[in-house]
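Subject: Structure handover and notes

Dear colleague,

I am passing on the structure that we talked about, and my notes on what was found in it follow below. Please look through the sequence and the model before you read on.

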Amino acid sequence: QTGVPLDRERWLSSALIVSPTYGTRASTVLCIGRDGTGTWEERSYAPDARVTRTVRETFQVTPA
């Protein structure tokens, strides 16, 4: 029970919320492989869920 109607709760629980007035602005993922190679990627979205920008960085993680 979250206090919002069930249909709205389902809409808000989506990984990508699409609406002209409210929605997902960006999503980010960080992956680190067993070899220490890291990749960070962020996608920005328009109100209609089109990807408007993607930024990706790769890096090496060094053990402390």
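Two residues are in contact when heavy atoms of theirs lie within 4.5 Å. Among the contacts in the protein chain between residues at least 6 apart in sequence, 16% join residues at least 24 apart.

Before the details, please keep in mind that this is a predicted model, in which local features need a pLDDT of at least 70 and side-chain atom pairs count only at pLDDT 80 or more, while totals for chains, interfaces and linings use all residues. Residues are numbered from 1 along each chain as its sequence is written, and side-chain values use heavy atoms, with hydrogens and water left out.

The overall build

The protein chain has one helix and three strands, and from the N terminus on these elements run α-β-β-β. Its radius of gyration (taken over C-alpha atoms) is 17 Å, well over the 11 Å that the globule rule (2.2 Å times the number of residues to the power 0.38) gives for 64 residues, so the chain is more spread out than a compact globule. Helices (H or I, at least four residues) and strands (E, at least two) are DSSP runs, numbered from the N terminus. Along its principal axes the C-alpha trace spans about 50 × 30 × 15 Å. Of the 64 residues, 14% count as buried, where buried means under 20% relative accessible area, exposed over 50%, and partly exposed in between (1.4 Å probe, protein chains only).

The sheet

The three strands form an open, antiparallel sheet in the order E1-E2-E3, and two strands are said to pair if DSSP finds at least two bridges between them. E1 and E3 stand at the edges, each with a single partner strand, so one side of each is left without a neighbour in the sheet. The twist averages 10 degrees from one strand to the next, with axes being lines fitted to C-alpha atoms (for helices over the stretch in contact) and angles running from 0 to 180 degrees between N-to-C directions.

Strand E1 (residues 26–32) pairs with E2 (residues 37–45) over seven bridges; leucine 30 has tryptophan 40 in E2 as its bridge partner, and isoleucine 32 stands opposite glycine 38. Four residues lie between the strands in this hairpin, where glycine 36 takes a positive phi near 90 degrees.

A residue to look at

Leaving aside residues up to four places away in sequence, glutamate 41 touches Ser27, Thr28, Val29, Thr54, Val55 and Arg56.
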